[in-house]
Amino acid sequence: MKIDIDDIIALDDGKKYLVINKVNLRDIDYIYIIDIENTKNFKFAEIENDSISVIEPDETELLEELIHLFGKDAREVLNLLIDND
């Protein structure tokens, strides 16, 4: 399954989500997504072959690693924007 930043995907909960960011950790692709109708509803998910698995809140170690990676990527983008001014 090919999913990229800015794609809109539908999950089993019937809602549509915008892919905000995508990272790779240990050869697995993860995405940060937000509900297009309620931006306070966000999730982290793993892309598996032909499906998407939402990371559960009790997977704290994985979530901590992902948040760090997504944050690092956001800082790099911000630095590029600043450098281009």
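These legends describe close-up views of a predicted model.

View 1. The secondary structure comes to one helix and five strands. From the N terminus on, the order is β-β-β-β-β-α. The chain has 85 residues, and buried residues make up 27% of them. Among contacts with a separation of 6 or more, 29% come from residues 24 or more positions apart.

**View 2. Confidence along the chain.** The mean pLDDT of the chain is 86. Of the residues, 85% reach 70 or more. Where is confidence highest, and where is it lowest? Strand β1, residues 8-10, has the highest value, at 95. Helix α1, residues 60-83, has the lowest, at a mean of 75.

View 3. Strand β4 covers residues 42-48, and strand β5 covers residues 51-54. The two strands run antiparallel. Four bridges join them. Ala45 stands opposite Val54 in β5. Two residues lie between the strands of this hairpin. Asn49 sits in the turn and has a positive phi of about 30°.

View 4. The structure holds five aromatic pairs. Is Phe44 buried or exposed? Phe44 counts as buried because its relative accessibility is 12%, under the 20% cut-off. Phe42 has a relative accessibility of 46% and so counts as partly exposed. Both rings belong to one cluster, which Tyr32 and Phe70 complete.

**View 5. A salt-bridge network around Asp4.** Three salt bridges are counted in the structure. Which residues are linked in a network? Lys2, Asp4 and Lys22 are. The side chain of Asp4 meets that of Lys2 at 3.0 Å, N to O. Asp4 also meets Lys22, at 3.8 Å, N to O. Asp4 lies in the segment before β1, and Lys22 lies in strand β2, residues 16-25, so this pair ties together parts that are 18 residues apart in sequence. Lys2 is exposed, with a relative accessible area of 69%. Asp4 counts as partly exposed, at 30% relative accessibility. Lys22 also counts as partly exposed, at 26%.

**View 6. A salt bridge from loop to helix.** Arg26 forms a salt bridge with Glu65. The closest N and O atoms are 3.0 Å apart. This pair links distant parts of the chain. Arg26 is in the loop between β2 and β3, and Glu65 is in helix α1. The two residues are 39 residues apart. Which of them is exposed, and which is partly exposed? Arg26 has 56% relative accessibility, over the 50% cut-off, so Arg26 counts as exposed. Glu65 counts as partly exposed, at 31% relative accessibility.

Key:
Residues numbered from 1 in each chain as written. Predicted model: local features only at pLDDT ≥ 70, side-chain atom pairs only at ≥ 80, totals over all residues. Heavy atoms only, no water. Pairing = 2+ DSSP bridges. Buried < 20%, exposed > 50% of the residue type's maximum accessible area, 1.4 Å probe, protein only. Contact = heavy atoms within 4.5 Å. Phe/Tyr/Trp six-rings, centres within 6.5 Å; stacked < 30°, edge-to-face > 60°. pLDDT = per-residue confidence, 0-100. Salt bridge = Lys/Arg side-chain N within 4 Å of Asp/Glu carboxyl O.
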